[in-house]
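Please consult the sequence and the structure shown below while reading.

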Amino acid sequence: MALNLSQKHEVVAEVAAVAATAHSLVAAEYAGVTVSQMTAMRKKARETGVYLKVVKNTLASRAVAGTEFECTQDQLTGPLLYAFSTEEPGSAGRLIKEFAKGNDKLKAKVVSIGGKAYPGAHLEVLASLPTRDQALSMFLSTLVEPATRVARAFKAIAEKQEATA
């Protein structure tokens, strides 16, 4: 069903608002994806903080104008599904990667993060980004490691002195 002008303005405004605050974008070709698969993908997207939308490419192009995803405008052709990561940079990549395993018709066409556009092959890189909790865990383990080594060294010295005494 065709949209009238005011509906088009609403769609552009909605997508532009999401694009202005999103961390990353994955545009994927979805032709051949069944309705049940799309419904499951939308449900998982809501749970993981991913904004998922099928929009005409001209409207999407207008919506991303003036955002860090403007670099993708030339590559937005064909039937595309737009996945914006709103909470964590890698969440859209993980979502598309997970559902592409079960459906070979779902293929990432464009990946964008940090104001740069990459080909769909970079989906793996985006999907492998750590979540916030994982990144904090890595950071904390890095901070704790020197103290742990010092404690181990003191323990080894104490055990050596006990053995010789």
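Strand β1 (residues 24–29) pairs with strand β4 (residues 107–113) in the antiparallel sense, over six bridges. Strands are DSSP runs of E with at least two residues, helices are runs of H or I with at least four, and both are numbered from the N terminus; two strands pair if DSSP finds at least two bridges between them. Opposite Ala28 stands Ala108 in β4.

The model is predicted: local features need pLDDT of at least 70, side-chain atom pairs count only at pLDDT 80 or more, and totals for chains, interfaces and linings use all residues. Residues are numbered from 1 along each chain as its sequence is written, and side-chain values use heavy atoms, with hydrogens and water left out.

The open sheet consists of five strands in the order β2-β3-β1-β4-β5, with antiparallel pairing. Because β2 (50–54) and β5 (116–119) stand at the edges with a single partner strand each, one side of each is left without a neighbour in the sheet. From one strand to the next, the twist averages 20°.

## A helix across the sheet

Helix α4 (residues 91–102) lies across β1, β2 and β3 (80–85), and runs at about 140° to β3. Contact means heavy atoms within 4.5 Å; axes are lines fitted to C-alpha atoms, for helices over the stretch in contact, and angles run from 0 to 180 degrees between N-to-C directions.

## Pocket lining

β2 and α3 (57–64) each supply at least two residues of the lining of the largest pocket.
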